Amino acid sequence: MRIDIVTIFPEFFATLDVSLLGKARQSGLLQTHVHDLRDVTTDKHRTVDDTPYGGGAGMVMKPEPWGDTLDAILADPDSSQRPVLIVPSPAGEPFTQVVAKELSQEEQLIFACGRYEGIDQRVSDHFATRMTVRPISLGDYVLNGGEVASLAMIEAIGRLIPGVVGNPDSLVEESHEDGLLEYPSYTKPAVWRDLEVPQVLLSGNHAAIAAWRHEQQLERTKRIRPDLLPE
């Protein structure tokens, strides 16, 4: 998979060199290209924003730098024919594990990291004719920009690419994979600070362990995220 990131703060994405995603980049499973939006500006202040039409607080990111940068990405011969442009936005669709799985199957993703009051709407309108545009929200809150949300989505998507996670079975037994939260996990020692590991996990009875874990998933989901359960 190829991931392009457009931002005015490219230093945010140095963390892509560490952990599993860093190894995936080194092995060629994942390509990442970070583009500084200010590189295509022509004025001495490297301006990327202006006041909004209609008035109001804040500034809006200008369409010209975005258009030039995205044009250059699409013109790259290594770019796929129909990439997905992801615009992190509190006004977008919710980011879920289902969405992460969908996006992990794409050949190329482009993350548009907006700032201020967002990106001029005409950028999404224009590029919707040339690629798939998906505004996506990380949650019901507002961040200063799209960088943090993009990093979270890239990690959630990237770890689903075959070969990135060493043991693929670990991807199956996770929160949200089956619509429920993950069961609690334990390791050695069997007793720590007078707290014991549940005896069923020490029994060796795999059927009983599976049943216990499913019960724990249901209980935890009911207690913490009842909205995930059927009516």
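**Close-up views of a predicted model**

View 1. β5 (84-94), α4 (121-127) and β7 (132-137) each give at least two residues to the lining of the largest pocket. The model shown here is predicted. Which element brings the largest share of that lining? β5 does, with 5 residues.

**View 2. The centre of the largest pocket.** The lining counts 28 residues. Those nearest the pocket's centre are Val-87, Pro-88, Ser-89, Pro-90 and Gly-118. The volume of this pocket is about 550 Å³.

**View 3. The whole fold.** How many helices and strands does the protein have? There are 6 helices and 9 strands. The C-alpha trace spans about 70 × 40 × 35 Å along its principal axes.

View 4. The protein has 231 residues, and 39% of them are buried. Buried here means under 20% relative accessible area. What area does the protein expose? It exposes about 13700 Å². Carbon and sulfur atoms supply 52% of that area.

**View 5. Charged side chains.** The protein carries 21 positive side chains and 35 negative ones. Where do the two sets lie relative to each other? Their centres are 3 Å apart.

Notes: Residues are numbered from 1 along each chain as its sequence is written. This is a predicted model: local features need pLDDT of at least 70, side-chain atom pairs count only at pLDDT 80 or more; totals for chains, interfaces and linings use all residues. Side-chain values use heavy atoms; hydrogens and water are left out. Helices (H or I, at least four residues) and strands (E, at least two) are DSSP runs, numbered from the N terminus. Buried means under 20% relative accessible area, exposed over 50%, partly exposed in between (1.4 Å probe, protein chains only). Accessible areas come from the Shrake-Rupley method with a 1.4 Å probe; for residues, only the protein chains shown count as cover. Lys and Arg count as positive and Asp and Glu as negative; His and the chain ends are not counted. The place of a charge is taken as NZ of Lys, CZ of Arg, CG of Asp or CD of Glu. On a 1 Å grid over the protein atoms alone, a cavity is a set of points where a 1.4 Å probe fits but cannot get out, and a pocket is an open set with protein on both sides within 12 Å along at least five of seven lines; lining residues have an atom within 4 Å of a point. Grid points are joined across faces, edges and corners, and a volume is the space filled by probe spheres set on the points.
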